[in-house]
Amino acid sequence: MKPLEHWHAQSAQSILDELSVDSSKGLSSSVIAQYKEKYGANFLSQKKQKSKLVLFLQQFNQPLVYILIVATIVTALLGEWIDSGVIFGVILINSIIGFVQELKAIKAIEALAKMGKVNATVIRNGEKTSIDAKELVVGDIVVVYSGDKVPADIRLIKSKELQSDESSLTGESLSIEKNIDTIKEQTSLADRTNMIYSSSLITSGSGIGVVVATGDNTQIGKINTMIGDADILETPLTLKIAQFSKVLLYIILALAAFTFGVGLLQGGESVEVFMASVALAVAAIPEGLPAAMTIILAIGVSKMAKQNAIIRKLPAVETLGSTTVICSDKTGTLTQNEMTVQEVYAGEESYKIQGVGYESIGEIKHLDQTAHAQNKAFEQTMKAGLLCNTSSVVKQNGHFKIVGDPTEGALIVSAQKAGYKKEVLDDQFIHIDTLDFDSKNQYMASYYGAKDKKSSQIYLKGSLEKILQRCEHMLDSDGEIKTYDKDLIVQKAEQMAQKGMRVLAFAYMDQKTWIDSLEHHHVENGLVFLGLQGMIDPPRNEVKDSVASCHKAGIGVKMITGDHKITALAIAKEIGLKTDGNIASLSGSELENMSDDALLEVIEEVNVFARVSPEQKLRLVKLLQSKNNIVAMTGDGVNDAPALKQANIGTAMGITGTEVSKEAADMILTDDNFTTIKNAVEEGRGVYENIIKFITWILPTNVGQGLVIVFAIMFAFPLPLSPVQVLWVNMTTAILLGLALAFEPKEKGLMDIPPRDPNAPILSKLLLTRVIYVGGMLVIFAFGAFWYVMNILGGGLEEARTAAVSIFIFGQTFYLFNCRSMSLSMFKLGVFSNKYLLSGVGAMVFFQLLFIYTPFMNTLFGTAPIGFDSWVVIFISSIIIYSVVELEKYFKRKKV
């Protein structure tokens, strides 16, 4: 049945009437099954998954894999079982990696399901009892207390100082004060104060409510559905490789058919011509490309892990380098997710409190030139924040955490920075009673007395309005009580609020007679105003520089948060996000009233989105992608998971991140540091550059070998390379030479250029031209060496083919040094800066000498020893190839 809707806009009594439930007695056992059938069970359903066999077989459904399968079959038909096994091994390894990664993605929904494993206190049959939360149904009356995890979406019918931490669901960094008042239908999720939501945490107070949504119909259930429905996007490189592979497949088949037809027309034997066509196909297939890509990406993963970025999916490494927009959550990502007092106003003097987070390290500095060295009002304000407090700061796993309310945690830390400790004050005073904070009175009061009971004080903290209306005087910096300037205090509070701070006011009174119980009438008037404390969840120290680096690299940074607009804008300005456009920011309610077309017109201009729901985060990511952006989304909460999965590169926080966000992400930051994202983007750009270098290096061999065979057939020449020799060239050069490019260090200036165009081809026109002319030179020199050995030196077919093969081997070796950089000489990079490359060249030379001069290899590959004259031709040809490419790079640099 369709679930109830807009329950926050309905009165509690109307919902109780609609569900036919008495709030004092709850549901009777006789209707539980009926309600479960009618409204649904309280667990998250899992999307039906494909079988593991289907998932595994889908890994083979790629054009490049088709080519490799053809190569496997061809080499098997040729009887080259080792080569066939190696190629098939590459296919199998790539398929297994893809299969494993896809299985991991399924865990996101499983992690969500685990979050529902809690107990619930319910009223049924007129009695209070505890049941498994899975047994809850719509209509159940649920009782919640401080520390409870909310078991379903609940409309409150009673609330006593109730506050709920919904940060993982909405992004709101503060606990939300709850009440039972009916609110407007269009109220955003984060502002629905009469609702508590499944998976959120009760931080203080207690409440009673009626369950209005269970399982998939809860807010977290909707997120679960969005995760399952989010598109799994291919990375820019995999898309281009797929397109490239299709084109290559068609070209290879067309050339093989053309070669076969020409050979037959020239009267060749069908078997001989067929084997020549097979040789062409083998020559043109870049067998080493998938393995090289996997290894280059894996090396990138290893490098990133050392920089606190764990990559869950290999292609994500390259995607980072393509990123054009980073959509970042605010709380816990750009900020500390630790409320921190930054400003204090007391005794008509202002102070800046340095340091961030819950560690009590930071100086306190006067902002006024004529400030007193010892401000009694400031001291009492700090003391009030510590005493009027029920939370505590604890150290867990090397990190300080708050047990209780984050706001109170900030007050504890500010007092500690001022030199006060709770345990010391506890030795001096007796805590007698407390009036808890509630939304009606908007203050909290704590009553303390001396141990001899001769004196006692009441300390208050709360909203400025409620505190000031109870105050008659203020405490000045000398500790004297005097009249206060209300307008000045309000002005100071507004200045703090404009900086995105939450402002709390503090007051106290001496209780002349000892009382055993504190009541609200005791603090109606007669209080002495102490001061203000302004707090905020501050930006991480390094974020501003990281944002500037991203902007320099042409990467847009957008804040997408569930927090308030004023707070979001304050943080945005502090970290350097651009907010001076026609539209500085957009709120969730504004987004709700905008069509996709209207939003598309401004989405790239606006950098701050506040009070945004999970659905809207997902919508923003999709719209940015529709404008050809490669989107990286960062976040740590449950509410971020759908957008993390939809994004081209989802990035979760390792320390503060929920398991759901980690499972949905492509990358996890183990230090929760935004700077790590910048480093990962730079590493991703380096990985992409190395992949392009490999492709630019390997393709001339395939082009050259293919053309050698085509021309030989067309002009009725003997084949300069046999099929097995083609395989020798392809496999040995790819493994021993090409893979060394995976270890090529990043070039300088990678973050000084804009992101590459997602629609740009893998190879630019310049690089494509290079591939063609290098391939052309290999063809000319291979035919030349082949002809020279046979006609000038009088060598046999085997010796001539050996010289032609060596042209490809050593031509590729010299060209490898060209490909270390697309624009710089290897001497600029440092000849010895890539030791793996030098080792690979040494190994290639060694194996090529075995190929030429050992009888076993001569028999296996149809080769023969060659003399000094042949080596002269080989090395002159190789030096010419290297020199021509370096000249081209030189003239390119001159033009820039």
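Colleague: Which residues is asparagine 441 in contact with, leaving aside its neighbours within four places in sequence?
Modeller: In this predicted model, asparagine 441 is in contact with Lys466, Arg470 and His520, once those sequence neighbours are left aside.

Colleague: And where is asparagine 441 found?
Modeller: Asparagine 441 sits in the loop between strand S15 (429–435) and strand S16 (443–450).

Colleague: Is asparagine 441 buried or exposed?
Modeller: Buried, with a relative accessible area of 16%.

Colleague: OK, salt bridges now. How many does the structure hold?
Modeller: There are 18 salt bridges in the structure. One of them joins lysine 461 and glutamate 408, with the closest N and O atoms 2.9 Å apart. That pair links distant parts of the chain: lysine 461 is in strand S17 (residues 456–462) and glutamate 408 is in helix H14 (residues 406–417), 53 residues apart.

Colleague: Are lysine 461 and glutamate 408 buried or exposed?
Modeller: Lysine 461 counts as buried at 6% relative accessibility, and glutamate 408 counts as buried at 7%.

Colleague: What about aspartate 752, which side chain does it meet in a salt bridge?
Modeller: The side chain of lysine 552, at 3.3 Å from N to O. Aspartate 752 is in the loop between helix H26 (723–737) and helix H27 (765–792), while lysine 552 is in helix H18 (residues 543–552), so the pair ties together parts 200 residues apart in sequence. Aspartate 752 counts as partly exposed at 45% relative accessibility, and lysine 552 counts as exposed at 57%.

Colleague: Switching to the inside: which residues have the most contacts in the largest nonpolar core?
Modeller: Phe529, Leu532, Met559 and Trp697, in a core of 139 residues. Helix H25 gives the most to this core, with 18 residues. Apart from it lies another core of 33 residues, including Val344 and Tyr358.

Colleague: What does methionine 559 touch?
Modeller: Not counting residues up to four places away in sequence, methionine 559 touches several residues, among them Leu334, Ile571, Val608 and Phe609.

Colleague: Last one: which residues make the nonpolar surface patch?
Modeller: Val247, Ile251, Leu255, Phe258, Phe711, Met714, Phe715 and Phe717 make a patch of about 700 Å². Helix H8 (236–265) and helix H25 (674–714) each supply at least two of the patch residues, and H8 gives the most, with four.

How values were computed. Residues numbered from 1 in each chain as written. Predicted model: local features only at pLDDT ≥ 70, side-chain atom pairs only at ≥ 80, totals over all residues. Heavy atoms only, no water. Patch = residues over 30% accessible without salt bridge, like charges linked within 9 Å, V, L, I, M, F, W, Y side chains within 5 Å. Areas by Shrake-Rupley, 256 points an atom, 1.4 Å probe, with all protein chains shown as cover. Salt bridge = Lys/Arg side-chain N within 4 Å of Asp/Glu carboxyl O. Core = buried A, V, L, I, M, F, W, Y, C linked by side-chain atoms within 4.5 Å. Buried < 20%, exposed > 50% of the residue type's maximum accessible area, 1.4 Å probe, protein only. Contact = heavy atoms within 4.5 Å.
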